[in-house]
Amino acid sequence: MKLVIAVIKPFKLDEVRDALTRIGVHGMTVSEVKGYGRQKGHMEIYRGAEYAVNFLPKVRIELGVASEQVEQVMDVLAAAARTGQIGDGKIFVTPMEQAVRIRTGETDVDAL
């Protein structure tokens with residue numbers, strides 16, 4: 001099992017969710033986060049004053065998947081989140097040792 005973490009642009013969330021659902025991924029955790037990478041923020045004008053926005057709004061998606069699904073999930077996620085512009089985001093994959101569905105007691109891949 002693997003834990004896939006993706007940080008994407010907020011307006012791409014629905015498209016990513018729909019794409020993952022089409023390949024059989026039915027659960028995920030989503031958090032609103034702020035951060036920066038190569039974008040390094042930008043300047044905005046509010047009520048006539050210019051100020052720097054150093055942390056940009058992003059969405060963090062976390063999903064547990066079977067090891068056999070990881071490549072497909074990464075491909076679909078990247079394709080759905082891609083705009084071709086700087087700041088499209090990142091995908092991280094880490095090992096997941098154990099999972100338990102609290103309601104039923106199912107474990108590991110059955111719990112996903």
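Predicted model: local features only at pLDDT ≥ 70, side-chain atom pairs only at ≥ 80, totals over all residues.
Visitor: Let's start with the layout. How many helices and strands are there in the protein chain?

Guide: The protein chain has two helices and six strands. Read from the N terminus, the elements follow the order β-α-β-β-β-β-α-β.

Visitor: Let's take helix 2. How many residues has helix 2, and what does it reach from its first C-alpha to its last?

Guide: Helix 2 covers residues 70-81, which is twelve residues. Its end-to-end reach is 16 Å, close to the 16 Å expected at 1.5 Å a residue.

Visitor: How do I read the sides of a helix?

Guide: Here is the general idea. An α-helix has 3.6 residues a turn, so residues three or four places apart point the same way. Now the case here: Val-70, Val-73, Val-76, Leu-77, Ala-80 and Ala-81 of helix 2 are buried. Looking down the axis of helix 2, these buried residues lie within an arc of 135°, so they line one face of the helix.

Visitor: What do the buried residues of helix 2 pack against?

Guide: Their partners are strand 1 (2-8), helix 1 (13-22), strand 5 (56-65) and strand 6 (89-95).

Visitor: Stepping back, what radius of gyration does the protein chain have?

Guide: The protein chain has 17 Å, whereas a compact globule of 112 residues would have a value near 13 Å. Its C-alpha atoms fill a box of roughly 55 × 25 × 20 Å along the principal axes. Of the 112 residues, 29% are buried.

Note on methods:
Residues numbered from 1 in each chain as written. Heavy atoms only, no water. Helix = DSSP H or I, 4+ residues; strand = E, 2+ residues; numbered from the N terminus. Expected span 1.5 Å × (residues − 1). Buried < 20%, exposed > 50% of the residue type's maximum accessible area, 1.4 Å probe, protein only. Arc of directions from axis to C-beta. Contact = heavy atoms within 4.5 Å. Rg over C-alpha atoms; globule rule 2.2 N^0.38 Å.
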